[in-house]
Amino acid sequence: MSTERFDCHYCKESLLGNKYVMKEDTQYCTKCYENLFSNCCEVCSLPIGCNCKDLSYKDCHWHEQCFKCAKCSRPLVEKPFAAKDEQLLCTECYSHEYSSKCSTCKKTIMPGSRKMEYKGNSWHETCFLCHRCQQPIGTKSFIPKDNGYFCVSCFEKQFAYQCCACKKAITTGGVTYNDKPWHRECFLCIGCKKQLSGQRFTSRENYPYCLDCFSNLYAKKCVSCTKPITSLAGAKYISFEERQWHSECFTCMQCSVSLVGRGFLTQRDDILCTDCGREK
């Protein structure tokens, strides 16, 4: 009675009673498997056999006993490590050689720990503090000032101008009027509450007015059209016996000819050109 053969797929040696390895449903003796498929160790260059652990990192392989720090030779199995210039280093050696130093405590910032960076300087997260309140700034906004760093709240309390209207800090922009600071959105016409920032305006008794409100409230009125006369916008006007006219409104009551620069006559409250006046 014949016995079914169970041989190595490559060398054809019998595997009965011997160790073997299966790969893709095919059996190999351990020697053939190592020669054909085993990875070579990055350190000793020997094959990593079936009886050894194959430790890998980024397509590279090591024997368990060869997986060590390139500087101090400390085993790295099941320990944190870092890679630099194709070398594996324990965290202590990597930190000593390459890690940043905290600008506050001067100690090494260990790999994997959170750090803050600004303009080439580095800090432990717990060392990057507001200069005023001494609380960690973390990922919040901050403002540099005089070699210190301030959280927004402390900066506003210590350095920012206070708007004289809303009493809140002015952090960007702003306008100055009568030596007092204002937010742009708070600098309003006292009459209509329109924003005056970037607009022409005037004042009365230290209150700011837009040109329209000032004209309506305080400007003299034209006898002819009854609209305000203001020189703020460059308008010219005529004044006679405590009455005022816009230049374009100073015309003969009868024929409407302009009287600017010409002689005229008065008849009660009317003004007339000399021609119309003679006809009367």
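Contact means heavy atoms within 4.5 Å. The model is predicted: local features need pLDDT of at least 70, side-chain atom pairs count only at pLDDT 80 or more, and totals for chains, interfaces and linings use all residues. Residues are numbered from 1 along each chain as its sequence is written, and side-chain values use heavy atoms, with hydrogens and water left out.

**View 1. F67 and its contacts.** Neighbours within four places in sequence are set aside here. F67 then touches L55, W62, P75, L76, V77, F81 and L88.

**View 2. The largest nonpolar core.** A nonpolar core is a set of buried Ala, Val, Leu, Ile, Met, Phe, Trp, Tyr and Cys residues joined through side-chain atoms within 4.5 Å. Buried means under 20% relative accessible area, exposed means over 50%, and partly exposed lies in between (1.4 Å probe, protein chains only). This core has 14 residues. Those touching the most other members are C41, W62, F67, C69, L76, L88 and C90. Two elements give two or more residues: strand 6 (87-90) and helix 2 (91-98). Strand 6 gives the most, with three residues. Helices (H or I, at least four residues) and strands (E, at least two) are DSSP runs, numbered from the N terminus.

**View 3. H63 in strand 4.** Strand 4 spans residues 60-63 and holds H63. H63 is buried, at 6% relative accessible area. Leaving aside neighbours within four places in sequence, H63 contacts C41, C44, L46, P47, I48, C52, K53 and L55.

**View 4. Cysteines without a disulfide.** A disulfide is a covalent bond between the sulfur atoms of two cysteines. The rule used here asks for a pair of cysteine sulfur atoms within 2.5 Å. By this rule the count is zero. The sulfur of C11 has its closest cysteine sulfur in C8, 3.6 Å away, so it is too far for a bond. C11 is partly exposed, at 30% relative accessibility. C40 is in no disulfide either: the nearest cysteine sulfur, in C44, is 8.4 Å away. C40 is partly exposed, with a relative accessible area of 43%.

**View 5. Helix 4 and its cover.** Helix 4 covers residues 211-218, and L211, C213, F214 and S215 are buried in it. The cover over these buried residues includes strand 15 (201-204), strand 16 (207-210), strand 17 (220-221) and strand 18 (228-229).

**View 6. Y10 at the surface.** Y10 lies in the segment before strand 1 (20-23). Y10 is exposed, with a relative accessible area of 55%.
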